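Hi,

Here is the structure I promised to pass on.

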Amino acid sequence: MPQPDHAVPPARHAWVIVGGGIHGVHLAVRLIAEAGVPRSQVTIVDPAPELLASWHRCTGNTGMTYLRSPAVHHLDVSPWSLQKYAQKAYPRGTKGLFTAPYDRPSVELFAAHSADVVARYGLSERHVQGRATGLSLTCEEAVLTLDSGAELRAEQVVLALGASEQPHWPAWARALAAAGGAVRHIFAPGYALDPSDLPDRVAVIGGGISGAQTALRLVNGERAVHLVTRHPIDVHDFDSDPGWIGPRNMRRFHANPDPAWRRRTITEARHKGSLAVDVHKQLRRALRHGDVRLHQGEATAHRGSDDIRVDVGDSSFSVDAVLLATGFEGQRPGGKLLDELIASHALPCADCGYPLVDRGLRWHPRLLVSGPLAELELGPVARNIIGARRAGDRIVAAARRGI
């Protein structure tokens with residue numbers, strides 16, 4: 001497989017995408033395949049050594065076996081690409097590669113198909129490994145500064161930033177870590193969870209699908225696995241109603257331009273902390289067999305003399321390690337890079353701090369957004385794989401218009 005470029009090419013590029021995750025890779029594919037942008041004029045900037053590295057790490061840490069998205073949601077152009085790939089790559093049959101409902105693909109299949117997409121479009125060769133630390137915009141170009149000090153000049157920049165570098169740590173967990181307690185966040189950058197490294201008593205904090213999957217992954221027949229949820233288990237096929245994918249719900253969303261209303265609508269529409277049906281069935285089975293012990297209530301924990309004491313409501317129990325599956329911080333991704341960009345270029349933002357963009361996802365004539373940064377335009381699905389595809393629709397249309 002071609003290795004990513006570690007030195008920034010000197011030429012000015014038509015498109016630079018900041019972020020090498022699901023969104024960044026899909027947008028690069030769409031620009032090359034549909035907008036007619038030469039591959040040599042598309043560059044993806046990401047600090048990881050390989051594209052999609054964060055996605056692989058997060059799905060691996062939780063032990064996810066099937067995606068929550070249907071088979072038509074993936075990184076290639078044609079909706080049927082993943083299914084055709086499965087038929088070709090697994091000639092002995094695709095049993096076990098998809099699951100109900102909606103033919104959701106296995107993580108193994110999705111990863112293999114994604115690698116095939118990256119290879120077919122030569123995207124590893126267009127990957128510049130580095131972290132964007134600054135961005136200046138003029139009428140003529142955008143100039144992206146990397147942590148190496150190098151500069152990359154482009155006609156258009158797309159910010160395809162996710163929340164993967166902002167895991168949420170409750171205050172008590174930070175205090176526990178500071179006191180030397182064995183506590184880690186499953187989504188902490190660079191953390192690779194190996195169940196064999198964990199002790200025999202572990203608490204997983206988090207009642208959503210990531211917490212349940214992580215708890216199930218830790219079951220080994222001997223380990224005491226405790227799952228702590230703040231609320232009763234909530235079950236939904238998807239993390240928002242499928243009506244948000246198309247006009248059924250989005251027509252009403254776009255008819256109301258008030259950013260505050262859109263933010264409330266997005267918050268209410270998301271099934272935050274819910275489980276897919278298949279994961280719920282696995283968890284129920286583990287609870288019946290005593291492989292996982294469920295505790296409901298607000299958790300805190302502190303170091304004991306030789307263990308960690310976890311308090312949930314009026315009950316408590318002892319463990320040797322704590323794993324946080326508490327999701328990501330709610331603030332806008334991008335950190336200092338975006339703070340400085342907004343201040344220096346007076347870019348419009350809603351009261352929640354998120355970008356106010358046009359229908360083409362333009363925040364500035366030289367700057368477009370995808371993922372969480374586009375959710376006030378794309379709605380509740382903006383962060384998901386289908387959100388990447390919807391962003392691709394808008395950005396390809398904009399590229400064809402020659403913005």
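This is a predicted model: local features need pLDDT of at least 70, side-chain atom pairs count only at pLDDT 80 or more; totals for chains, interfaces and linings use all residues.

Residues are numbered from 1 along each chain as its sequence is written, and side-chain values use heavy atoms, with hydrogens and water left out.

Rings of Phe, Tyr and Trp (its six-membered ring) pair if their centres lie within 6.5 Å; planes under 30 degrees apart are stacked, over 60 edge-to-face, and the rest tilted. That rule gives five aromatic pairs. One of them is stacked: phenylalanine 187 with phenylalanine 328, at 5.0 Å centre to centre and 15 degrees between the planes. These two residues are 141 residues apart and link distant parts of the chain.

Buried means under 20% relative accessible area, exposed over 50%, and partly exposed in between (1.4 Å probe, protein chains only). Phenylalanine 187 is buried because its relative accessibility is 6%, whereas phenylalanine 328, at 31%, counts as partly exposed.

Phenylalanine 253 and tryptophan 261 make a tilted pair, 6.2 Å centre to centre with 45 degrees between the planes. Phenylalanine 253 is buried at 0% relative accessibility, and tryptophan 261 is buried at 18%.

Best wishes

Notes: Helices (H or I, at least four residues) and strands (E, at least two) are DSSP runs, numbered from the N terminus.
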